[in-house]
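Take a look at the protein shown here.

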Amino acid sequence: MATITRRRALALASAVTLTLSTPVWAQAPIVIKFSHVVAQDTPKGKAADFFAKRAAELTKGRVKVEVYANSALYKDKEEMEALQLGAVQMLAPSLAKFGPLGVKEFELFDLPFIFDDYNELHKVTQGPVGKALLAKLEPKGIKGLAYWDNGFKSLSANTPLRSVADYKGKKFRIQSSKVLEEQVRALGGIPQVMAFSEVYQALQTGVVDGTENPISNFYTQKMHEVQKHLSLTNHGYLGYAVIVNKKFWDGLPADIRSELEQAMKEATDYANRIAKEENDKALEAVKASGKTTVYTPTAQERLALKKALAPVHLKMADRVGKDTLQSVYQVTGFDPNQL
């Protein structure tokens, strides 16, 4: 009996010694709460899930990424503060969210027609300009990890949007961005800042007349059910920056951080690869629904829209930073004075 008791005591002592000598992070996985506001089957939703999977694989289970889609944890007005406070560790907010945070240079991504295609866009997001912008987040306690594409935005309403005159007097939901406010005003519309999760009901009840979205968001949020017309303007870009709480990130073991950086690189490649594909599929689904009339502007109509919106660049240059804006123009070749 005494022998059994001593064996149990020795076993218990050994277990305690092993527990105390083993780092805490090796016993239980590090949990990263990754919150976002769009549906799981959007490009961002799929990329977040892809990152979670690769993070678990590359760290051999030492990291568990919990993804919360569709504003399950926080609405887009709340999530940035939650990240800074450490209530969540990772977000992928739209680039427009950084202007209200005090980093106004990010609002250059909201400028209409600043990118003609993904090639021009990636010269910025994957080059020195993009890296310099992410670095500006660090004094806010935020570490920028990557840019993820969603797509180019189109405008919708319950009446046709063909000529510039068709926008006059209509209330359009936008994200919180001074550039987007000016964009709507330049078309004669009335900007309405609103959380993404509230848009469907606002369109359904007539609180707003229309909105702008990449097609994948338009379709997955069922906006085609409450918008009779969609004009494929491709006037603006909607993308995301994957960000993490800087204190949390810097506190990770170096090897784990390196593995997560690799997972993020793979997730970024995946996100940007599927963005156009998902938007193309969503467009076909909108057309197939028969609920929304889809219109492609003529070259003349598109040029008229460009000319109407060119003054937004000049008006917002001081806000987003003239030097930053010029560095983008040099990369893309866009010149609002030459339209």
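## The largest pocket

The largest pocket has a volume of about 430 Å³. Of the 19 residues that line this pocket, the closest to its centre are Thr125, Leu145, Ala146, Tyr147 and Thr268. The elements that give two or more residues to the lining are α5, α6, β4 and α11 (254–289). By class, the lining of the largest pocket has six nonpolar, seven polar and six charged residues.

Some terms need their rules. On a 1 Å grid over the protein atoms alone, a pocket is an open set of points with protein on both sides within 12 Å along at least five of seven lines. A cavity is a set of points where a 1.4 Å probe fits but cannot get out. Lining residues have an atom within 4 Å of a point. Grid points are joined across faces, edges and corners, and a volume is the space filled by probe spheres set on the points. Ala, Val, Leu, Ile, Met, Phe, Trp, Tyr, Cys and Pro count as nonpolar, Asp, Glu, Lys and Arg as charged, and the others, Gly among them, as polar.

## The model as a whole

This is a predicted model, in which local features need pLDDT of at least 70 and side-chain atom pairs count only at pLDDT 80 or more, while totals for chains, interfaces and linings use all residues. Residues are numbered from 1 along each chain as its sequence is written, and side-chain values use heavy atoms, with hydrogens and water left out.

The protein has 13 helices and nine strands. Helices (H or I, at least four residues) and strands (E, at least two) are DSSP runs, numbered from the N terminus. The C-alpha atoms fill a box of roughly 95 × 45 × 30 Å, taken along the principal axes. Of the 339 residues, 50% are buried. Buried means under 20% relative accessible area, exposed over 50%, and partly exposed in between (1.4 Å probe, protein chains only). Among contacts (heavy atoms within 4.5 Å) between residues at least 6 apart in sequence, 75% join residues at least 24 apart.

## Cavities

How many cavities of 30 Å³ or more does the structure hold? There are four. The largest cavity has a volume of about 160 Å³. It is lined by 18 residues, and the closest to its centre are Ser94, Lys97, Gln175, Phe196 and Leu238. Both β7 and β8 give two or more residues to this lining. By class, the lining of the largest cavity has seven nonpolar, four polar and seven charged residues.

Helix α5 (118–125) has the buried residues Tyr118, Glu120, Leu121, Val124 and Thr125. They cover an arc of only 160° around the axis, which puts them on the same side of α5. The arc is that of the directions from the helix axis to the C-beta atoms. Their cover includes α6, β4, β8, α11 and α13. At the start of α5, a side-chain oxygen of Asp117 reaches to within 3.2 Å of the backbone nitrogen of Asn119.

In helix α6 (residues 128–135), the residues Val129, Gly130, Leu133 and Leu134 are buried. They fall within an arc of 135° seen down the axis, so they line one face of the helix. The face turned away carries the exposed residues Pro128 and Lys131. The buried residues of α6 pack against α5, β4 (142–157), β8 (229–245) and α13 (322–332).

## A buried glutamate

Glu212 sits in strand β7 (residues 210–213). Is Glu212 buried or exposed? Glu212 is buried, with a relative accessible area of 7%. Its side chain makes a polar contact with the side chain of Lys153 (2.8 Å). It makes another with the side chain of His235 (2.7 Å). A polar contact is a pair of N or O atoms within 3.5 Å; within protein, one must be able to donate a hydrogen and the other to accept it, and residues adjacent in sequence count only if both atoms are side-chain atoms.

## Two positive phi angles

Most residues other than glycine have a negative phi. Ser71 has a phi near 60°, a positive value. Ser71 is in the loop between β2 (63–68) and α4 (79–85). Phe113 also has a positive phi, near 60°. Phe113 is in the loop between β3 (90–91) and α5. At 2% relative accessibility, Phe113 counts as buried.
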